[in-house]
Amino acid sequence: MPYLGSEDTVRELRRALSNPNVQSDHLRYRNTILKVIRAMSQGVDVSGLFSEMVKACATVDVVQKKLVYVFLCSYASLNPELSLLVINTLRKDCQDPNPMVRSLALRNMTNLRLPSLVEYVEQPLTAGLRDRAACVRRVAVLGWAKLHNLQPNSDIDAAVVNELYSLLRDPDPVVMVNCLRALEEILKEEGGVAINKPIAHHLLNRLKECDVWGQCEALKVLQRYRPQSEDELFDILSLLDPSLLSPHPPVMAATVSLFLSLCSGLPAVSLSALERVRGPLLAACGSASREMRFAALCHIQLLLRSLPGLMGAHYKRFFCGYAEPAYIKQRKMQVLVELVNDDNVALVLDELKGYCTDVNTDTAQAAISAIGRIGRSYSDRCLEILTGLLGLKQEHITSAVVQTVRDLVWVCPQCSDAVCLALEGCEETLQDSQGRQALLWLLGVYGERVSSAPYVLEVFIDGVRSEVSLGVKTELLTATMRLFLCRPAETQDMLGRLLHYCIEEETDMCVRDQALLYYRLLHCGIEETRKVLQGRRSDPSLGVLIGRPAEPVSQWARSFNTLEPLRQDAAETDSASGGSAEPVTSDPKPNTDLSDTLNPSQVEMVHTGSEGASLCPESSADFLASAAGVPLSLSLSPALSPEEFERLWLRRQGLHAERGGEEKEEEEDCVCVEERVHCPAPPRCSPQSLQAALQLVNIQALAFTPPHTLPWRVYLYTHTTHTHSHANAPRTTLILGELLYTGEAKESKGRVKKEADDGEDAGEGAMEGKEEEKEGEEVTDDRLSERETEGGEREEEEVKVTLKQQPRDEEALKAFLSILATVLQTLSSERA
């Protein structure tokens with residue numbers, strides 16, 4: 001057919017459809033109808049041919065019927081009156097001996113989507129539910145769902161619903177699954193299809209007969225069912241066991257989701273199921289479908305939150321392929337970061353180093369960021385790679401490296417010296433605002449260690465008029481002020497020029513107000529300015545070294561096999577400082593007033609070893625009274641690295657075993673003491689909450705065990721500074737500490753309570769021989785009465801506190817213990 005306009009095309013097609021010679025030749029007639037469908041698919045408005053196409057549907061040719069029905073369903077809403085002419089033909093076809101014709105007529109009768117035709121459709125659909133051909137029943141079941149969707153406010157006959165429920169036992173598995181889908185749509189307002197024990201077991205026994213999507217539909221509906229007994233639960237799990245290892249990822253994922261739903265009260269069974277799907281998940285990561293690979297990677301990240309070592313032996317499966325898209329490469333790198341350990345760190349870093357020069361800038365920057373996150377545990381190796389990348393002098397690589405080392409020094413202060421050496425000259429390559437902000441933050445915080453810091457800032461200040469990024473301007477103001485505090489002679493002139501420009505010429509009010517704040521702050525004096533601007537430089541934490549604590553499966557079970565894992569960005573699992581240029585700073589302040597809230601009976605002195613004996617035993621009241629008057633300040637600087645903490649802690653323990661010349665002299669200048677703090681409930685809160693609470697009083701938690709595990713331990717340190725009453729010069733000490741809760745208190749308290757009740761009957765003499773089993777500590781009448789508080793109050797438990805101090809300062813140690821006890825009491829009361 002020659003090229004014609006839309007009107008000429010419609011006119012030509014109408015002429016051909018109305019030609020008796022064409023109608024008498026079935027092949028020519030079908031080809032003409034095919035031309036109409038082709039024109040419709042190309043966007044030509046052929047709705048004017050509706051009456052001619054209605055006549056064409058009266059044929060025995062199944063192919064021609066399909067073509068005509070496609071046209072009629074597309075234009076029925078535009079010609080509702082003419083569509084009535086099709087109903088008679090469709091109802092007649094519903095009685096055709098050929099089941100293919102019957103199913104085709106039923107499908108297109110419901111696809112017309114005209115409310116005026118509902119009354120003509122109900123009777124054929126009801127008959128279709130009882131049709132002997134399975135293909136007709138499949139269409140009829142879904143037809144009722146379409147009919148309800150067309151008139152959602154109308155009531156469906158209860159007989160139809162009962163008929164659909166009975167068809168759940170249809171011998172054809174597709175009919176059974178279609179009934180589930182139809183009932184879900186029809187009974188949506190009532191919560192969907194009702195699943196009882198017979199239906200649930202029927203669906204489970206017929207899972208193998210269904211196709212992939214039929215199994216997924218049945219498994220999804222089964223999540224509503226709750227077994228009535230533990231035996232029934234394990235029977236269901238046995239039936240689901242083959243589907244757990246299905247080669248089809250959708251079936252496997254739906255089965256795991258059902259497992260997690262059924263075993264919400266059995267965490268061990270849930271973890272066992274997750275371990276068994278390791279193989280299918282790894283197979284899905286190698287799927288030919290990119291979408292399947294991405295979904296599998298996202299769900300693997302979800303599983304690693306509860307099973308960190310699940311994929312540890314298969315880390316090479318997450319190495320990136322050359323032809324893989326960037327979003328899959330980035331997700332694989334995020335998984336690799338979770339799988340790093342001492343055995344594979346060299347291979348993983350070598351692999352990530354190769355990705356840093358990828359032609360895709362997003363992939364390269366993601367690889368650099370991944371190396372930075374690994375650097376929190378293996379700083380030396382990662383810093384060597386990062387500083388080597390700076391030598392490439394590529395803009396996007398340099399920017400990503402500077403941002404990464406900015407985040408790295410915040411959590412790993414021991415890296416600051418190497419970072420300061422690597423910053424020399426990198427300002428020439430930086431062009432983007434994020435990279436320049438990171439560089440300015442580093443120059444402001446560590447400017448005294450970077451010899452060229454004033455000259456780099458001067459270049460930024462000279463070009464401030466052409467700077468378009470407000471973030472760079474505000475960071476430049478802060479960095480220049482900080483550098484002025486440590487190198488005033490070199491920075492005074494440029495600081496004046498910068499403040500003059502920002503106050504007099506800058507049009508942005510945020511930058512101008514910040515400059516005015518700094519200008520007025522300088523009028524208050526250098527010391528006041530220093531208090532405001534010079535805060536903590538880093539936030540060292542061993543929590544990242546031991547990895548995130550394993551989360552309970554229940555926290556993410558509902559999101560498994562949904563779109564939520566695909567939307568989540570793994571970057572949100574990083575430290576909160578990952579994207580911030582400067583965390584909130586705090587000035588160390590005396591904390592002795594916290595002891596005022598402490599009850600005198602909350603701290604019990606228990607001295608061990610010769611060193612502990614030097615600390616004279618006192619009553620708890622006297623101890624707190626003396627601590628309350630000590631002018632004590634706590635500080636986190638100088639920062640103590642994990643290696644230094646371990647060396648000092650073990651050395652203090654070694655002094656108990658070996659005593660000789662120099663070691664004895666060193667021992668005399670240190671003290672080790674063990675205390676017990678009584679808490680309503682041990683503060684086994686999340687590591688983030690515990691660390692935040694301790695940092696409020698300038699105590700650094702270096703390492704901690706995951707919450708809800710026994711024994712529960714926390715290692716911490718702080719520096720104390722206070723002035724003695726007989727001396728004017730302040731004295732500084734280092735305190736190392738360990739918190740330990742073993743969970744034995746509950747058992748021992750139960751025994752003590754029982755013995756106390758027996759003692760009331762037998763007399764006071766029977767109580768004198770009672771002893772606690774925990775560490776052989778004697779239970780006195782006073783302590784027994786303390787545990788059995790009147791009014792049925794909650795029994796207290798004990799947290800063992802081990803403190804090691806150097807040099808020795810008994811007053812500071814007592815005051816520190818008062819502060820620590822207050823923090824533990826506060827956390828415990830909030831948790832209770």
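User: Let's start with S270. Is that residue buried or exposed?
Analyst: S270 counts as buried, because its relative accessibility is 3% and the cut-off for buried is under 20%. Keep in mind that we're looking at a predicted model.

User: Okay, and where is S270 in the chain's secondary structure?
Analyst: S270 is in helix α16.

User: What does S270 touch?
Analyst: Leaving out residues up to four places away in sequence, S270 touches L260, C263 and V553.

User: Let me step back a bit. How many helices and strands does the chain have?
Analyst: The chain has 39 helices and 7 strands. There are 832 residues in the chain, and 50% of them count as buried.

User: What about contacts, what share joins residues at least 24 apart?
Analyst: Among contacts between residues at least 6 apart in sequence, 71% join residues at least 24 apart.

User: And the surface, how much of that is there?
Analyst: The accessible surface comes to about 39600 Å². Carbon and sulfur atoms account for 51% of that surface.

User: Switching to pockets. What's the volume of the second largest pocket?
Analyst: The second largest pocket has a volume of about 940 Å³. Its lining is made up of 37 residues, and the ones nearest its centre are A253, S257, F560, N561 and T562.

User: Which helices give two or more residues to that lining?
Analyst: Those are α13 (212-222), α15 (249-262), α16 (267-276), α17 (278-285) and α18 (290-304). The largest share comes from α15, with 8 residues.

User: How does the lining of the second largest pocket divide by class?
Analyst: You get 22 nonpolar, 9 polar and 6 charged residues.

User: Now the closed-off spaces. How many cavities of 30 Å³ or more are there?
Analyst: The count comes to 10. The largest cavity has a volume of about 80 Å³.

User: Which elements line the largest cavity?
Analyst: The ones that give two or more residues are α7 (99-111), α8 (118-129) and α9 (134-150). α9 provides the largest share, 4 residues. Among the lining residues are M109, R113, V121, K146 and L150.

User: And what classes are in the lining of that cavity?
Analyst: The lining of the largest cavity has 8 nonpolar, 2 polar and 2 charged residues.

User: Another topic: α11. How many residues does α11 have, and how far does it reach?
Analyst: Helix α11 runs over residues 173-186, so to speak a stretch of 14 residues, and reaches 20 Å from its first C-alpha to its last. That is close to the 20 Å expected at 1.5 Å a residue.

User: Why is α11 largely enclosed by the rest of the structure?
Analyst: Because 10 of its 14 residues are buried. The buried ones include P173, M176, C179, L183 and I186.

User: What covers those buried residues of α11?
Analyst: The cover includes α9, α10 (158-166), α12 (197-205) and α13.

User: Last one, R487. Where is R487 found?
Analyst: R487 is found in the loop between α27 (470-486) and α28 (488-504).

User: Buried or exposed?
Analyst: R487 is buried, with a relative accessible area of 13%.

User: Which residues is R487 in contact with?
Analyst: Leaving aside neighbours within four places in sequence, R487 is in contact with G447, E448, V450, S451, A453 and P454.

Technical notes
Residues are numbered from 1 along each chain as its sequence is written. This is a predicted model: local features need pLDDT of at least 70, side-chain atom pairs count only at pLDDT 80 or more; totals for chains, interfaces and linings use all residues. Side-chain values use heavy atoms; hydrogens and water are left out. Buried means under 20% relative accessible area, exposed over 50%, partly exposed in between (1.4 Å probe, protein chains only). Contact means heavy atoms within 4.5 Å. Accessible areas come from the Shrake-Rupley method with a 1.4 Å probe; for residues, only the protein chains shown count as cover. On a 1 Å grid over the protein atoms alone, a cavity is a set of points where a 1.4 Å probe fits but cannot get out, and a pocket is an open set with protein on both sides within 12 Å along at least five of seven lines; lining residues have an atom within 4 Å of a point. Grid points are joined across faces, edges and corners, and a volume is the space filled by probe spheres set on the points. Ala, Val, Leu, Ile, Met, Phe, Trp, Tyr, Cys and Pro count as nonpolar, Asp, Glu, Lys and Arg as charged, and the others, Gly among them, as polar.
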